[in-house]
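Please keep the sequence and the model in view while reading.

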Amino acid sequence: QVQLVESGGGLVQAGGSVSLSCTTSGARFSDYAVGWFRRAPGKEREFVAAVSDLDPNTHYGDSVKGRFTVSKDKDANTVTLHMNSLKAEDTATYYCAAKLPAITFAQDVVMAVTWYDYWGQGTQVTVSS
């Protein structure tokens with residue numbers, strides 16, 4: 001059974017940084033594509049980033065490009081979202097998601113909420129201005 005567990009988040013000041021981790025289990029890490037999404041109050045779920053062993057590139061949503069990065073630790077089955085230069089509008093519940101197996105990594109595909117098979121429980125990030 002595939003499971004995703006997020007950790008990190010909390011309250012951070014504008015301009016600061018925070019990292020979120022997503023630890024996967026139940027399948028071979030290299031078979032996943034892992035995505036990050038967020039949902040702000042009253043808004044739709046928004047694509048943040050996605051990473052996969054299929055592709056050396058990482059896809060990012062326009063609103064986070066240049067500020068957020070993603071790293072992978074295969075030994076720990078963990079994907080980490082590093083969030084820098086945070087703004088009040090980054091306040092949201094952040095979710096990691098996994099697609100298994102991931103046989104494509106086209107950007108227009110990985111941005112779709114419906115593409116993913118598994119979801120974490122979400123973790124809150126609040127940016128104070």
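The points below cover strands, a cavity, one histidine and some backbone features.

The model is predicted: local features need pLDDT of at least 70 and side-chain atom pairs count only at pLDDT 80 or more, while totals for chains, interfaces and linings use all residues. Residues are numbered from 1 along each chain as its sequence is written, and side-chain values use heavy atoms, with hydrogens and water left out.

- Helices (H or I, at least four residues) and strands (E, at least two) are DSSP runs numbered from the N terminus.
- β4 and β5 pair in the antiparallel sense over 6 bridges; two strands pair if DSSP finds at least two bridges between them.
- These two strands, β4 and β5, form a hairpin with 6 residues between them, and G42 in the turn has a positive phi of about 80 degrees.
- β5 also runs antiparallel to β6, to which 3 bridges join it, and the hairpin from β5 to β6 passes through 2 residues.
- Because 6 of its 7 residues are buried, β5 is largely enclosed by the rest of the structure; buried means under 20% relative accessible area, exposed over 50%, and partly exposed in between (1.4 Å probe, protein chains only).

**The cavity**

- The whole structure holds 1 cavity of 30 Å³ or more. On a 1 Å grid over the protein atoms alone, a cavity is a set of points where a 1.4 Å probe fits but cannot get out, and lining residues have an atom within 4 Å of a point.
- The largest cavity has a volume of about 40 Å³, a volume being the space filled by probe spheres set on the points, which are joined across faces, edges and corners.
- Its lining consists of F29, Y32, A33, V34, V51, S52, D53, K72 and V79. The elements that give two or more residues to this lining are β4 (33-39) and β5 (46-52).
- V34 stands opposite V51 in β5.

- H59 belongs to strand β6 (residues 55-60), where it stands opposite A50.
- H59 counts as buried because its relative accessibility is 12%.
- The side chain of H59 reaches the backbone oxygen of F105 at 2.8 Å.
- Leaving aside residues up to four places away in sequence, H59 touches F47, V48, A49, A50, F105, A106, Q107 and V110, where contact means heavy atoms within 4.5 Å.
- One of these residues, A106, is found in the loop between β9 (92-99) and α1 (107-110) and is partly exposed, with a relative accessible area of 29%.

**Backbone features in loops**

- Most residues other than glycine have a negative phi, and most peptide bonds are trans.
- A cis peptide bond, with omega about -10 degrees, joins L100 and P101; P101 lies in the loop between β9 and α1.
- N77, in the loop between β7 (68-73) and β8, has a positive phi near 50 degrees and is partly exposed at 24%.
- S85, in the loop between β8 and β9, is not a glycine but has a positive phi of about 50 degrees; its relative accessible area of 41% makes it partly exposed.

Terms used:
A polar contact is a pair of N or O atoms within 3.5 Å; within protein, one must be able to donate a hydrogen and the other to accept it, and residues adjacent in sequence count only if both atoms are side-chain atoms. On a 1 Å grid over the protein atoms alone, a cavity is a set of points where a 1.4 Å probe fits but cannot get out, and a pocket is an open set with protein on both sides within 12 Å along at least five of seven lines; lining residues have an atom within 4 Å of a point.
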